[in-house]
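Here is a short note on some backbone and packing details. Please read it with the model open.

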Amino acid sequence: MERLRRQIEPREAGLDPKTLARLDEYLGRQVDDGRLPGYLLSVARHGRVAHLTTYGRRDVDAGLPVETDTLWRVYSMTKPVTSVAALILVEEGRLSLTDPVSRHLPEFAEPRVYESGEGAAMRTRPARQPILVRHLMTHTSGLTFGFYYDHPVDALYREAGLEHSVRPGADLAQTCAEYARLPLQFEPGTQWNYSVASNVLGRIVEVVSGQSLDAFFAERILGPLGMTDAGFQVSPDQAGRLAQLYGEQEDGSIAPVPGLPLHGRPRFLSGSGGMVATARDYHRFAEFLRRRGELDGVRLLAPESVDTMASNQLPGGVDIHTYGSGFHQLPGNAGVGFGLGVSVVIDPEATESPSSLGTFGWTGAATTIFWVDPRRDLTVQFMTQVRRRSSFSVYPDLKRLLHEAVVD
C-alpha cells in the first residue's frame with residue numbers, strides 16, 4: 001500500500017513556508033476548538049507534493065490519529081469521477097453529450113415541468129425539450145434534491161422517500177425510475193440546480209457500458225490511475241483506516257453520526273456521492289485532471305475533453321449565484337460557474353476568497369474539497385469528516401491562505 005508523501009520543499013515549489021504555517025495553525029485551532037475531529041491537507045505545485053499536513057483524530061473516541069493512509073468518504077467529490085466515466089464513453093462514440101437521456105433510460109421519455117401550486121394541487125406541463133446528457137453533467141436538468149426545502153418539487157421527493165436521494169433498499173436503476181416519475185423544477189437546460197443528476201448519469205454509464213458503476217470505475221478509471229484504495233466499499237483489511245463520520249450539533253460541537261454503508265458492496269451505487277478514497281487516491285485523480293487527461297503515461301481522456309469539463313457551461317455564461325436561493329445563493333458561489341461535473345472560477349473579483357481564473361474543483365458533504373488552479377499549476381485537497389448544519393466553513397480561509405502562499 002502506497003501513501004501520499006511530500007516530494008519537494010515548499011520554497012522549491014514557489015510556496016511560502018510561513019504562510020503555510022499560518023494555515024496549519026488556523027486549521028489546528030479548528031480541531032483544538034472541537035469544530036473538526038482532524039484533517040489532512042495536501043498542496044502540490046507543478047505536480048509535486050510540497051506541503052502535507054495531518055492533525056487530530058480520524059476517530060476521536062478511539063484515539064486514532066489522522067494518517068496519510070486514512071480513508072475518507074468523499075461524497076460529492078464522486079461526481080467528477082462519474083463525469084470522467086461518461087466522457088470516456090463519449091470519446092469512444094458510445095455516448096453523446098447531446099443524447100436525450102431517454103435514449104438510454106426510456107423512463108425519462110416524457111418529463112413534465114412544474115408550473116404552480118404544491119402537493120395535490122400542483123400543476124405541471126409537458127417539457128418542451130428533452131433532458132440531455134449534458135444537462136445531467138451541468139446540473140441544468142431540472143432535477144433536485146429532497147433535502148432542499150426551497151421548492152414544491154423538493155417536497156415530492158421527500159414524499160417519495162427520496163429525501164436522502166435513494167429509497168431504502170433500492171438500487172440505482174430503481175432509484176432513477178423514481179426520479180423519472182417526478183416533475184422537473186424547470187425546463188431542461190434553462191437554469192442551474194444542484195441535484196441527483198449525477199446518479200442518473202451513473203445509471204447511463206451502466207446501461208451504455210454494460211457494466212455496474214463500481215466495475216466500470218475500477219476497470220476504466222481507478223485501476224488505470226493507480227487509485228488503489230478508492231471505490232464504493234471498504235474491505236475488512238481497510239476498515240480500520242476508515243475515518244469516523246461526525247455531524248455538527250446545535251451548539252457547534254461535533255458527534256459521531258452514521259455514514260455511507262461501506263462495509264460490503266452497497267446495493268445503491270451512487271454516482272453522486274458514494275465513493276471512499278485516501279488522500280493519495282484523490283490526489284492522483286486531481287493530478288490526472290491537472291495534466292488534462294493523462295497521468296504517469298496513462299491517458300484516459302483527450303486534453304480537449306478535460307478542457308470542456310473544466311469550462312463554464314451554464315446558460316448565458318453566468319455564475320451559480322445567479323440561480324435560485326438556499327445553497328445556490330451561498331457567498332462562495334459568486335463568480336463561480338459550472339462545467340461538466342466541477343465548478344470553475346469565471347470572475348475572480350466576485351469570488352468570496354482570492355482565486356485564479358479557471359480554477360476548478362468541487363466539495364463533499366463531509367467538508368472535503370479539492371481544486372486545481374491551472375494558472376498557478378496548483379493542486380489542493382483538504383480531507384476531514386464533518387457534515388455541517390451551520391454556515392461555518394473552513395474553505396474561505398483555506399483558499400485565501402493558499403492563494404497568499406504562492407510567491408512566484
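1. His139 sits in the loop between helix 3 (133-138) and helix 4 (152-159). Helices (H or I, at least four residues) and strands (E, at least two) are DSSP runs, numbered from the N terminus. The phi of His139 is positive, about 60 degrees, although the residue is not a glycine. Most residues other than glycine have a negative phi. His139 is buried, with a relative accessible area of 1% (buried is under 20%, exposed over 50%, partly exposed in between; 1.4 Å probe, protein chains only).

2. This is a predicted model: local features need pLDDT of at least 70, side-chain atom pairs count only at pLDDT 80 or more, and totals for chains, interfaces and linings use all residues. Residues are numbered from 1 along each chain as its sequence is written, and side-chain values use heavy atoms, with hydrogens and water left out.

3. His46 also has a positive phi, about 55 degrees, and is not a glycine. It lies in the loop between strand 1 (38-45) and strand 2 (48-59). His46 is partly exposed, at 43% relative accessible area.

4. Helix 2 (residues 79-91) packs on helix 8 (residues 279-290) at about 50 degrees, with the axes 12 Å apart. Axes are lines fitted to C-alpha atoms, for helices over the stretch in contact; angles run from 0 to 180 degrees between N-to-C directions. Pro80, Val81 and Val84 of helix 2 meet Tyr282, Phe285, Phe288 and Leu289 of helix 8 (contact means heavy atoms within 4.5 Å).
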